[in-house]
4 protein chains.
Amino acid sequence: MTRISALVTSAPAGGISYKNIDLQVNNEAKAKLKPVYTGLCGTDRMMISGNLPFTYNPKGQDYIVIGHEAVCQVLDIEDNKFNIKSGDYVVPVVRRPGSCVNCRIGRPDNCSDADHDVIEAGVRGLNGFNSEYFYDFPQNLLKINDKTNILINVLTEPTKNVMKAFEIFDKVSERSIFTGSDSTYMQKNCVIIGTGSEAFLYAFMAKEYTMNVFMTNRHSMPEDKMKIIDGINASFFNYKNETMPDYIDLLIDTSGDPETIMRFIRKLNYNGVCILFGTNGAAPGTDYTGIDISYIVEHNIVIAGSVDGSKKHYLDAIKYLNKWKYMPGSAVKYLITGIFSPDETEIFMKKPIEEIKSVIKW
Amino acid sequence: MTRISALVTSAPAGGISYKNIDLQVNNEAKAKLKPVYTGLCGTDRMMISGNLPFTYNPKGQDYIVIGHEAVCQVLDIEDNKFNIKSGDYVVPVVRRPGSCVNCRIGRPDNCSDADHDVIEAGVRGLNGFNSEYFYDFPQNLLKINDKTNILINVLTEPTKNVMKAFEIFDKVSERSIFTGSDSTYMQKNCVIIGTGSEAFLYAFMAKEYTMNVFMTNRHSMPEDKMKIIDGINASFFNYKNETMPDYIDLLIDTSGDPETIMRFIRKLNYNGVCILFGTNGAAPGTDYTGIDISYIVEHNIVIAGSVDGSKKHYLDAIKYLNKWKYMPGSAVKYLITGIFSPDETEIFMKKPIEEIKSVIKW
Amino acid sequence: MTRISALVTSAPAGGISYKNIDLQVNNEAKAKLKPVYTGLCGTDRMMISGNLPFTYNPKGQDYIVIGHEAVCQVLDIEDNKFNIKSGDYVVPVVRRPGSCVNCRIGRPDNCSDADHDVIEAGVRGLNGFNSEYFYDFPQNLLKINDKTNILINVLTEPTKNVMKAFEIFDKVSERSIFTGSDSTYMQKNCVIIGTGSEAFLYAFMAKEYTMNVFMTNRHSMPEDKMKIIDGINASFFNYKNETMPDYIDLLIDTSGDPETIMRFIRKLNYNGVCILFGTNGAAPGTDYTGIDISYIVEHNIVIAGSVDGSKKHYLDAIKYLNKWKYMPGSAVKYLITGIFSPDETEIFMKKPIEEIKSVIKW
Amino acid sequence: MTRISALVTSAPAGGISYKNIDLQVNNEAKAKLKPVYTGLCGTDRMMISGNLPFTYNPKGQDYIVIGHEAVCQVLDIEDNKFNIKSGDYVVPVVRRPGSCVNCRIGRPDNCSDADHDVIEAGVRGLNGFNSEYFYDFPQNLLKINDKTNILINVLTEPTKNVMKAFEIFDKVSERSIFTGSDSTYMQKNCVIIGTGSEAFLYAFMAKEYTMNVFMTNRHSMPEDKMKIIDGINASFFNYKNETMPDYIDLLIDTSGDPETIMRFIRKLNYNGVCILFGTNGAAPGTDYTGIDISYIVEHNIVIAGSVDGSKKHYLDAIKYLNKWKYMPGSAVKYLITGIFSPDETEIFMKKPIEEIKSVIKW
């Protein structure tokens with residue numbers, strides 16, 4: 001037993017403190033890891049405010065170390081087939097497989113029994129990554145080969161969600177010919193609802209598909225954010241008062257708001273796809289009518305929920321972050337809008353103005 | 001110009017009459033066809049009551065011959081590569097391809113520009129099949145090789161919708177492992193909302209997938225209909241007061257009613273699929289909340305609209321109807337609940353009690 | 001321990017005898033089964049002649065009960081979730097899953113480690129079905145709901161191979177648009193090499209796809225076999241001297257003969273698919289040249305090996321056999337060309353003239 | 001009519017000269033283009049030596065301008081929906097769509113009638129890109145947004161072949177679970193036969209899949225080439241005398257040599273995939289036996305020919321080349337081993353020692 005400092009909450013009650021905890025050394029998990037950077041996200045803040053009822057502490061603890069977005073350095077590790085060595089940078093995965101038919105093939109993101117069968121670091125039943133150091137198994141770690149500007153790789157976990165969502169898009173868009181008559185996505189319009197970090201990462205990826213990308217929200221965009229959007233040759237419109245594209249081929253929601261979602265579904269093109277990613281249990285209800293259902297039917301529209309991602313999506317995330325890191329202008333680096341120390345716990349309670357992604361440096 | 005009797009309405013105004021019309025002989029369309037049986041469906045009734053605003057008369061006519069479900073006999077036909085000859089039975093397709101990227105590959109059901117680019121016999125801009133005889137092109141006809149009990153083949157057109165919907169199911173269910181750990185659908189629950197003819201055809205097909213099939217509605221089922229459900233080893237529950245399965249893997253809606261749809265989406269399993277097929281523009285709205293959206297996201301659920309079907313689906317429909325025709329008990333034949341003559345136009349206005357499918361004998 | 005009569009060989013040495021063996025009662029496998037009909041195939045004959053080096057006896061036995069094609073009746077069974085009861089007819093599966101990533105999802109036919117990880121009833125390490133009775137687990141049994149003409153269901157096991165092969169065809173033909181511009185397979189030519197039982201079952205299935213089906217071999221077809229081919233509206237040509245179709249879209253080989261296979265690959269159309277199913281380790285080699293490789297490349301051709309099938313394919317086999325059973329003319333029944341008793345062991349050594357499928361009645 | 005200098009041959013007879021030709025100004029094709037760099041490939045050399053019988057001169061010409069790998073600058077262009085302007089860099093596509101079902105959806109690489117229905121710049125019936133300037137249509141041009149180090153983009157055309165091949169791999173590997181039980185390709189072995197420019201580009205892409213990548217040939221690798229292989233963390237073995245991996249999951253051939261191909265197919269793992277890309281009509285034949293066929297069947301192996309690529313693959317090529325351009329070390333730039341002037345026509349006849357890709361600067 002060692003005492004280390006950590007950021008902890010009590011799930012699902014909430015609260016946040018930076019304090020010393022007794023680290024139960026897991027003798028089996030022979031990788032010792034030190035977080036270098038961890039990211040903050042909506043899930044963390046909802047946990048801290050006691051608004052995520054499905055979260056729970058690890059067995060035998062009255063607290064949970066929070067944080068599931070991290071890039072870590074390996075302090076010590078047993079021999080492993082992944083060729084991970086001491087000193088390497090790694091990203092640990094959040095969700096750990098259970099025994100269902102999807103988990104068995106390494107796809108806990110598609111767990112058929114997620115109510116009972118999975119644990120998630122920093123969220124459900126397993127300590128997260130915001131502690132001086134921690135132990136994990138080599139198979140839960142993804143190695144970052146490129147050690148330059150490792151800060152960007154703290155975005156790996158949120159980016160893996162985007163990779164999973166586009167995998168779903170690839171699958172469901174095979175119902176018909178989705179691409180244009182030139183085989184490309186160049187004339188396809190992608191609208192992304194929201195302007196948080198995930199929304200930006202979706203925009204980055206939609207541009208890799210060569211789509212026309214539009215981000216939207218119900219307020220205007222500050223200059224700093226517009227710089228990023230311009231940097232990837234995308235657009236923004238305030239949907240309350242600005243013109244939007246005539247039709248949408250791919251709609252991605254990061255808001256979780258039923259009213260906004262339906263507003264844009266009504267603009268989806270034939271064979272259009274809507275990816276639902278954002279969640280907001282507190283979002284008010286809105287009327288969906290028979291006309292809306294008819295619209296979805298007659299336009300062969302698909303609406304697909306997408307949650308989490310598996311190791312393959314982490315690898316894809318690493319691949320694309322690596323590309324974006326080196327692109328001229330490197331817009332991706334502007335997604336990190338603040339770097340804090342672990343004791344600045346107030347950022348868990350109050351989102352910094354114009355935050356895209358806040359990061360803790362360990 | 002010849003005078004023939006036909007069932008006509010004026011689109012989109014409505015009305016119905018059985019009367020003589022001048023048949024414009026299309027000299028290009030060298031297949032002369034006589035309907036043997038035509039089927040009635042909700043679309044016909046909505047047209048007649050003036051409730052389908054997107055319908056319109058053929059150019060230069062102030063009426064449209066209604067009816068898009070038919071099995072016909074060929075009176076005369078030019079040589080064709082489909083090996084269709086005089087005396088053969090055929091089913092004419094409804095939707096005719098335009099020039100979009102999907103129509104080009106024979107998939108007008110996925111038309112990317114259906115607002116402008118397609119015509120539909122008996123619905124939009126083209127006479128339907130309820131007339132003494134009519135002309136069409138060989139490429140719009142599907143031959144029925146099995147001439148026994150040809151009445152069943154009047155169900156080809158509604159069945160092709162089911163085939164298209166299951167094609168969509170096949171595609172979207174590839175996002176994850178949908179089948180059980182034994183590779184089959186045997187432990188999967190399929191719930192079908194509605195008890196009309198399409199609902200029954202969906203039930204027949206879901207049984208071919210070896211799923212557990214449940215039909216549901218908000219009233220009890222009369223004995224005649226229960227006989228069919230029993231005949232295919234499916235179940236029924238009244239969702240207002242009877243027990244339903246604990247979870248649903250595949251949900252198929254034929255009601256178009258937002259409230260009922262969401263009631264069951266909330267019971268969808270992880271990786272579940274909801275196929276929306278029914279449309280009812282007059283269905284009242286209902287509240288979809290942030291919790292509903294979160295449920296769809298966290299369960300990796302897909303909701304897919306499915307409209308129409310292409311020639312390949314007509315062929316699949318013929319294949320399965322042929323199977324069902326010969327099955328011991330032959331439950332499929334009980335789907336046809338009434339056979340009427342063309343002058344009994346009141347059935348267009350008033351649905352016979354306990355109708356599943358009403359058919360007109362020509 | 002009970003003494004029962006069985007057909008046994010010693011793997012891989014060979015030989016055949018019908019004799020009494022001591023049945024080791026497996027107390028765990030609580031389904032007691034009596035074969036009703038078993039089928040004979042090339043694998044059986046090769047085992048008996050000592051020509052299948054990969055076969056081996058069950059552990060602790062110096063013999064193996066042969067036979068892997070069977071329809072059985074349940075004598076006694078424990079409660080099970082498959083709703084199989086005493087008196088039911090069932091087909092037992094051949095290959096039993098190991099622990100590889102494909103076996104885990106019920107796909108031992110795709111076993112990633114079949115050299116070490118699977119056992120096969122009647123072939124590798126597990127007694128087959130040619131014994132008075134035997135024990136198995138409910139999860140290895142597929143129930144036949146339709147009890148009429150149960151003889152046809154002895155074809156379930158060979159038919160499941162066909163279902164797996166068409167699953168592969170479905171997947172690999174998605175590289176491009178394989179269907180015609182009308183979305184159907186109606187103008188597509190399927191050539192099947194061979195005229196044994198598997199070849200016929202492939203022909204039956206290719207007709208379900210509405211392809212033009214041609215069977216071929218290097219001799220003429222006897223009248224009995226031609227009756228079956230005519231019955232499903234397919235064709236036959238002797239490739240040594242008769243005209244063949246100008247091009248082939250789908251080529252299926254049941255011969256395992258490299259020379260014949262390449263003869264027809266050279267006729268494959270752009271985007272064509274060749275399914276290799278037949279195996280014949282003794283088939284002589286033939287020259288494949290750079291021109292052949294270029295042809296495959298420039299025509300985007302796929303050649304796919306297909307072995308075995310999983311429970312889902314057995315279910316599909318049952319579905320289609322059920323359809324074919326009831327079709328007018330019922331050509332499928334003519335595939336069974338002889339019914340023998342277990343003591344007529346000479347049929348294992350000498351193929352009856354004009355055999356398609358020989359069956360043993362228990 | 002203007003006189004410009006160009007590199008021409010006469011197809012299919014061969015020969016090469018750098019001389020003045022009369023440029024037929026195509027008044028419809030309103031993009032005027034100047035090549036900046038063009039690449040040389042085996043096809044060019046085979047044309048020049050008169051060994052590509054399917055090549056032919058444009059109608060009304062007794063010569064054809066050769067060259068189908070180019071990055072060009074736009075001198076003048078009409079308004080277009082692709083937002084291409086004067087001064088932009090573009091890559092022109094080689095194959096132009098005909099009217100078949102695949103060409104109709106922008107996939108001339110999958111042309112169903114390539115013997116009659118497609119033309120290819122610099123190869124079949126259309127002048128290529130090795131001339132002072134030429135005219136083309138905006139829809140045949142792909143814009144390069146990143147203007148840095150434009151030389152690398154001369155690799156776009158050969159790289160698009162790789163993208164098409166991996167699209168095929170993605171499709172055919174869906175027959176089973178191809179990835180490991182962790183959902184990734186990290187433990188999968190990819191062997192690439194050959195060490196030319198295409199082989200290297202395949203290696204680059206296989207690394208993006210995170211596979212273990214092995215290049216092979218029947219001689220040792222010079223230091224310069226090894227530097228590139230090391231730079232992407234791949235390996236090389238001389239298959240005549242060095243150890244190769246125990247098993248292969250993905251085999252890619254760039255040699256077109258039947259003997260070498262079969263040597264490695266015999267090492268393919270269960271569910272393995274072999275992509276045939278290389279062509280060499282002069283490669284000697286080799287014996288394929290019944291044992292080889294059995295191996296392919298019993299291992300569920302797929303062998304897929306892959307030719308050409310469509311606009312979507314050009315876009316993917318541009319995407320990845322852009323990534324590789326900026327990667328630390330930038331191994332991709334070493335693929336260009338020589339830059340020549342148009343009058344150095346001897347490089348068409350004699351491959352420079354240790355050439356990977358020779359380029360002409362215009």
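**Exercises: how the copies meet**

In chain D, 100% of the interface residues are interface residues in chain C too, so the two copies meet through the same surface; residues are in contact if their C-beta atoms, placed from the backbone, lie within 7 Å. This is a predicted model, in which local features need pLDDT of at least 70, side-chain atom pairs count only at pLDDT 80 or more, and totals for chains, interfaces and linings use all residues. Residues are numbered from 1 along each chain as its sequence is written, while chains are lettered from A and ligands numbered from 1 in the order in which they are written.

**Exercise 1.** Work out which helix gives the largest share of the side of chain D that touches chain C.

*Solution.* Start with the contact: 53 residues come from chain D and 53 residues from chain C. Next, pick out the elements (DSSP runs numbered from the N terminus: helices are H or I, at least four residues; strands are E, at least two). Helix 6 of chain D supplies the largest share, 8 residues.

**Exercise 2.** Determine in which sense strand 17 of chain C pairs with strand 17 of chain D.

*Solution.* Pairing requires at least two bridges found by DSSP. Here the strands, residues 286–288 in chain C, pair antiparallel over 3 bridges. In one of them, C:Y288 has D:T286 as its bridge partner.
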